[in-house]
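Hello,

Here is the structure for your files. Please look it over before reading my notes below.

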Amino acid sequence: MSDSLPEEVALQTETDIVVVRKSVREAAIRLGFGITDVTRIITAASELARNVFLYAGSGVVRCRVVNQSDQVGLELIVEDHGPGITDIDQAMQPGYTTGKGLGLGLPGAKRLMDEMEIESEAGKGTKITVKKWRKKT
Amino acid sequence: MAEETLSIIKVRDVLVVTMPADPDDATISALQQKVLLAMERSPAKGVVLDVSAVESLDSFFARTIAETTRMVGLMGGHTILTGMRPSVAITITQLGLTLGKMRTALTVDRAFDILRDGSQPVQKP
């Protein structure tokens with residue numbers, strides 16, 4: 001199943017955010033998520049992809065299927081080699097932003113997904129992994 | 001990639017703006033300019049922003065809609081957002097977006113009723 005997923009989308013320009021949304025949408029539908037979860041996943045992907053574009057300039061989004069006992073999930077890994085996040089706790093506060101955003105991207109994406117993990121090092125870049133689970137039928 | 005087009009038509013004294021399903025940022029940004037220019041060219045008392053085709057609204061898209069509404073307001077017009085899908089309403093609420101005091105209606109038809117009757121209560125966030 002994971003072979004059929006669009007594996008990697010390079011984020012170079014603003015229009016690539018649309019490409020990310022389309023690929024993620026396709027993957028989520030193929031995995032059998034309902035329309036509300038599909039919308040949540042697309043929206044979270046869009047927020048994370050825009051962050052890459054806004055703060056790092058470029059990056060990559062990878063998408064794969066993950067399995068866990070009686071659940072199947074969609075995992076998105078959003079990675080860049082930008083400035084990194086110096087204070088992750090602060091970045092997770094709704095309304096906090098260092099740029100021109102609304103400050104909803106990271107905390108919002110976390111609420112829309114089931115799991116979120118942030119690895120970041122100042123000056124090196126940021127890797128954000130999010131997952132959404134669905135019961136196997 | 002082809003830019004998805006934004007349709008603006010004038011129906012009586014109302015501008016009906018139909019948003020494409022999955023617009024890129026440039027299309028979303030162009031929305032503001034196009035709507036405000038259309039307001040000036042064809043004196044309209046209101047704008048109906050129809051998002052019934054929109055599959056997902058992220059914070060950038062939502063902020064642009066809220067800003068455009070304020071700008072239309074400065075020009076003396078009312079904006080009503082119509083046709084939001086249930087999945088989009090659920091998602092943007094969980095994302096933490098409020099869209100301010102934006103007026104909404106289920107359909108374009110109902111938006112016309114509101115604009116015709118004039119003083120409808122403002123929807124509280």
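A residue is buried if 20 or more other C-beta atoms lie within 10 Å of its own, exposed if 12 or fewer, and partly exposed in between, with C-beta atoms placed from the backbone. A:E117 has 11 C-beta neighbours inside 10 Å, so A:E117 counts as exposed. A:E117 sits in strand 4 (residues 115-121) of chain A. Its C-alpha atom is separated by 9.1 Å from that of A:K131, 14 residues apart along the chain.

Some conventions. This is a predicted model, where local features need pLDDT of at least 70 and side-chain atom pairs count only at pLDDT 80 or more, while totals for chains, interfaces and linings use all residues. Residues are numbered from 1 along each chain as its sequence is written, and chains are lettered from A and ligands numbered from 1 in the order in which they are written. Helices (H or I, at least four residues) and strands (E, at least two) are DSSP runs, numbered from the N terminus.

**Core**

The largest nonpolar core has 60 residues. Such a core is a set of buried Ala, Val, Leu, Ile, Met, Phe, Trp, Tyr and Cys residues joined through C-beta atoms within 7 Å. Helix 2 (residues 35-56) of chain A gives the largest share of this core, 9 residues. Among the residues with the most contacts inside the core are A:V24 and A:I41. Two residues are in contact if their C-beta atoms, placed from the backbone, lie within 7 Å. Leaving aside neighbours within four places in sequence, A:I41 touches A:V24, A:A28, A:F33, A:L74 and A:K132.

**Sheet in chain B**

Chain B holds an open sheet of 5 strands, order 1-2-3-4-5, with mixed pairing. Two strands pair if DSSP finds at least two bridges between them. Strand 1 (7-11) and strand 5 (103-105) of chain B are at the edges with a single partner strand each, so one side of each has no neighbour in the sheet.

Strand 3 (residues 46-50) and strand 4 (residues 78-82) of chain B run parallel, joined by 5 bridges. B:V48 stands opposite B:I80. B:L49 stands opposite B:L81. In strand 4 of chain B, 5 of the 5 residues are buried, so the strand is largely enclosed by the rest of the structure. B:H78, B:I80 and B:T82 point one way, B:T79 and B:L81 the other.

**Helix pair in chain B**

The axes of helix 1 and helix 2 of chain B come within 10 Å and cross at roughly 10°. Axes are lines fitted to C-alpha atoms, for helices over the stretch in contact, and angles run from 0 to 180 degrees between N-to-C directions. The two helices of chain B are therefore roughly parallel (angles under 35 degrees).

**Interface**

How many residues of chain B are in contact with chain A? There are 19 residues of chain B, in contact with 24 residues of chain A. Helix 3 of chain B gives the largest share of the chain B side, 6 residues. By class, that side has 7 nonpolar, 6 polar and 6 charged residues. Ala, Val, Leu, Ile, Met, Phe, Trp, Tyr, Cys and Pro count as nonpolar, Asp, Glu, Lys and Arg as charged, and the others, Gly among them, as polar.

Best wishes

Definitions and conventions. Angles under 35 degrees count as roughly parallel, over 145 as roughly antiparallel, 65 to 115 as roughly perpendicular and the rest as oblique.
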